[in-house]
Amino acid sequence: TSVRAVRKSEDITISSVTEAIEAVQNSSFMEDVRPSRNAKGGDETFGIWFRGHEKISYHLCPSILRRPGNDSTAYLDEVSLCRHFQTMNPEACPRDATDFERMIKMQHYQTPSRLLDWTENLLVALFFAVRNPECDDKEDAAVWVLNARRLNWHASATTSLAFVAIPSDPDVIA
């Protein structure tokens with residue numbers, strides 16, 4: 001399976017782990033993604049997240065927003081799902097767990113949620129991109145790269161701006 005990486009109008013095909021690592025280390029390819037040098041905390045790779053998927057046509061859409069059979073009238077109530085999950089799986093989370101902790105657990109039980117799994121490890125993302133041999137030679141896989149610091153800066157309602165959000169951050173809780 002090959003993996004395509006897209007940056008603006010630039011599109012590259014990655015056929016090996018070595019090529020993937022070289023792409024991530026390539027300054028010109030990663031210039032729009034790398035955190036700025038004056039970002040607070042961590043080194044220049046801190047806040048770079050990856051997500052691999054076996055189909056490049058896949059849209060980055062959380063499972064709670066995916067419509068079964070393209071039914072635009074389907075509606076999932078996240079609050080009800082959280083309550084039902086806690087009722088049906090009381091051992092999954094402590095009673096005093098935060099909503100964010102509960103959503104993380106729900107995600108791993110394959111309950112629809114607003115979360116998307118990301119990793120700081122390129123190799124983990126590559127694994128998820130190529131793990132299904134049934135997809136070989138049907139469609140390219142994809143690895144998305146996200147600058148979490150920049151996303152937080154644009155989405156922040158607080159002064160934390162360039163930091164990577166943590167579960168207790170007011171922006172995450174909101």
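1. A quick definition to start: a residue is called buried when its relative accessible area is under 20%, exposed when that figure is over 50%, and partly exposed in between. Keep those cut-offs in mind while going through this chain, which is a predicted model.

2. You'll find Arg102 in helix 4, the stretch covering residues 99-108. What does its side chain pair up with? Gln86: a polar contact of 2.8 Å joins the two side chains. Leaving aside residues up to four places away in sequence, Arg102 touches Cys82, Phe85, Gln86, Cys93, Pro94, Arg95 and Ala97. So Gln86 turns up both as the polar partner of Arg102 and in that list of neighbours, if you read "so" here as plain bookkeeping under the contact cut-off of 4.5 Å between heavy atoms.

3. Stepping back to the whole chain, there are seven helices and four strands. Reading from the N terminus, the order is β-β-α-α-β-α-α-α-β-α-α. The chain has 174 residues, and 33% of them are buried. If you take the contacts with a separation of 6 or more, 59% of them link residues 24 or more positions apart.

4. Phe50 deserves a look of its own. Not counting residues up to four places away in sequence, Phe50 touches Val24, Trp118, Thr119, Glu120, Asn121, Leu122, Ala125, Val143, Trp144 and Val145.

5. Glu120 and Trp49 are 71 residues apart along the chain, yet their C-alpha atoms are separated by 4.6 Å. Glu120 is in the loop between helix 4 and helix 5, and it is exposed because its relative accessible area is 54%. The other pair is Ile56 and Ala142, 86 residues apart in sequence and 4.8 Å apart in space, C-alpha to C-alpha. Ile56 belongs to the loop between strand 3 and helix 3 (78-88), and with a relative accessibility of 24% it counts as partly exposed.

6. Is Gln110 buried or exposed? Exposed, because its relative accessibility is 73%. Gln110 is another residue of the loop between helix 4 and helix 5. Check its backbone too: phi is near 65°, a positive value in a residue other than glycine. For background, most residues other than glycine have a negative phi.

7. Finally, the second largest pocket. About 620 Å³ of space lies in it. There are 21 lining residues, and the closest to the pocket's centre are Arg51, Gln107, Asp117, Phe128 and Arg131. Strand 3, helix 4 and helix 5 are the elements that give two or more residues to the lining, and strand 3 gives the most, with four. By class, the lining has eight nonpolar, eight polar and five charged residues.

Key:
Residues are numbered from 1 along each chain as its sequence is written. This is a predicted model: local features need pLDDT of at least 70, side-chain atom pairs count only at pLDDT 80 or more; totals for chains, interfaces and linings use all residues. Side-chain values use heavy atoms; hydrogens and water are left out. A polar contact is a pair of N or O atoms within 3.5 Å; within protein, one must be able to donate a hydrogen and the other to accept it, and residues adjacent in sequence count only if both atoms are side-chain atoms. On a 1 Å grid over the protein atoms alone, a cavity is a set of points where a 1.4 Å probe fits but cannot get out, and a pocket is an open set with protein on both sides within 12 Å along at least five of seven lines; lining residues have an atom within 4 Å of a point. Grid points are joined across faces, edges and corners, and a volume is the space filled by probe spheres set on the points. Ala, Val, Leu, Ile, Met, Phe, Trp, Tyr, Cys and Pro count as nonpolar, Asp, Glu, Lys and Arg as charged, and the others, Gly among them, as polar. Buried means under 20% relative accessible area, exposed over 50%, partly exposed in between (1.4 Å probe, protein chains only).
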